[in-house]
Amino acid sequence: MFRFAHRRYSLPFRQPVRTAHGVWAEREGLLLRLEDQSGSVSFGEVAPIPWFGTETLEEAEAVCRELGADVSAETLAAVPERFGCLRFALASALSGAKPDSFSEKKALPMAALLPTGRAAFDVIGSKADAGFRTFKWKVGVAEIGDELAMLDDLIAKLPSGAKLRLDANGAWDRRKAERWLERCAERPVEFIEQPCFVDAAQGADASRRSDDLLLGLANDFPTPIALDESVVSAGDVARWLGLGWPGFFVVKPALLGDAAAVIASLEQAKARVVFSSALETAVGAKAALRLAFGFGGEPRALGFWGVANIS
Ligand code: MG
């Protein structure tokens with residue numbers, strides 16, 4: 001049995017995060033506290049991203065209220081799969097009581113997140129001086145012609161040997177995605193993240209067509225595609241592995257419930273994995289980073305900005 005408590009938080013980002021989904025100004029989530037019978041205390045964080053298709057904060061909070069103040073491990077394990085963010089928080093609180101399992105890996109490279117549009121040009125120099133060699137630029141925010149016209153200027157400002165990741169957050173249709181993929185061939189673009197996306201609310205047929213479109217684009221162009229919005233649950237990851245997805249998987253452990261099992265399945269499939277934060281606080285980020293450091297596949301630059309961005 002455990003003593004269980006939860007508390008809602010709301011923290012502004014130092015700078016609002018601008019993506020094709022809109023402007024995100026503050027991170028809201030839940031902090032969970034578990035105390036076992038020996039008095040040992042551990043914490044977990046629920047950090048939903050509802051526009052990706054996770055549960056909402058209110059839904060997670062309602063489940064926490066129902067759990068009550070005294071809970072068994074069995075009750076915690078019985079929280080339904082669709083509460084992936086809550087399940088991750090509970091799993092990380094439960095494993096938090098164990099000795100720290102950071103692997104022998106001492107460091108992993110980080111990607112630098114650039115502002116959208118031309119504002120990116122002004123910060124590349126300082127990020128490069130700080131040692132970054134992987135840069136992520138959000139696209140699909142402005143008019144496609146304007147963004148395409150900026151690409152080569154942006155690449156010219158990168159330090160030698162650097163790689164660029166583009167993230168469209170699902171903003172494009174097929175034609176726009178093809179224009180970008182044509183342009184990126186033979187440029188130092190590590191991958192294009194989520195060029196297109198149809199959320200589950202638009203129906204199973206629309207989702208299937210969108211999946212087929214992503215698979216077609218991945219097979220037709222040399223620049224790899226990364227799935228992010230498309231993989232927000234353990235079931236999504238299993239489905240894309242089953243489809244033989246040839247590109248990258250962006251893994252946000254905070255959304256994935258039993259993230260350790262999902263990551264083990266990716267490792268076994270020798271999938272290309274990029275670990276990403278959900279712009280959570282240090283509580284959730286520590287649990288997610290522990291999994292990233294334990295990953296046995298090829299290490300790639302981390303996309304963890306939450307801790308640094310929350311003021
Ligand atoms: Mg993304």
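Visitor: How many residues of domain 1 are in contact with residues of domain 2?

Guide: For a question like that, you list the residues on each side that touch the other side. Here 27 residues of domain 1 are in contact with 31 residues of domain 2. Keep in mind that this is a predicted model.

Visitor: Let's zoom in on L86. What is it in contact with, beyond its neighbours within four places in sequence?

Guide: Leaving those neighbours out, L86 is in contact with L32, V46, E55, A60, V63, C64 and V79.

Visitor: Now the metal. Which residues are the protein donors of the magnesium ion?

Guide: The donors are D167 (OD), E193 (OE) and D228 (OD), at 2.1 to 2.3 Å from the magnesium ion. Along the chain they follow the spacing D-x25-E-x34-D. E193 sits in strand 8 (residues 189-193), while D228 is in the loop between strand 9 (225-227) and helix 8 (234-242), so this pair ties together parts that are 35 residues apart in sequence.

Visitor: Are E193 and D228 buried or exposed?

Guide: Both of them are buried.

Visitor: Why does S92 count as buried?

Guide: You compare its relative accessibility with a cut-off. Buried means under 20%, and S92 has 8% relative accessibility, so it counts as buried. S92 is part of helix 3 (residues 84-96). Apart from neighbours within four places in sequence, S92 is in contact with F43, G44 and A287. S92 and E45 are 47 residues apart in sequence, yet their C-alpha atoms are 8.1 Å apart in space.

Visitor: Last one: how many cavities of 30 Å³ or more does the structure hold?

Guide: Count them, then see what lines them. There are two of that size. The largest cavity holds about 60 Å³ of space. Eleven residues line that largest cavity, and L108, F275, A292, P299 and R300 lie nearest its centre.

How values were computed. Residues are numbered from 1 along each chain as its sequence is written. This is a predicted model: local features need pLDDT of at least 70, side-chain atom pairs count only at pLDDT 80 or more; totals for chains, interfaces and linings use all residues. Side-chain values use heavy atoms; hydrogens and water are left out. Contact means heavy atoms within 4.5 Å. Donors are N, O and S atoms within 2.8 Å of the metal (3.2 Å for Na, K and Ca); water is not among the atoms, so sites may look incomplete. Helices (H or I, at least four residues) and strands (E, at least two) are DSSP runs, numbered from the N terminus. Buried means under 20% relative accessible area, exposed over 50%, partly exposed in between (1.4 Å probe, protein chains only). On a 1 Å grid over the protein atoms alone, a cavity is a set of points where a 1.4 Å probe fits but cannot get out, and a pocket is an open set with protein on both sides within 12 Å along at least five of seven lines; lining residues have an atom within 4 Å of a point. Grid points are joined across faces, edges and corners, and a volume is the space filled by probe spheres set on the points.
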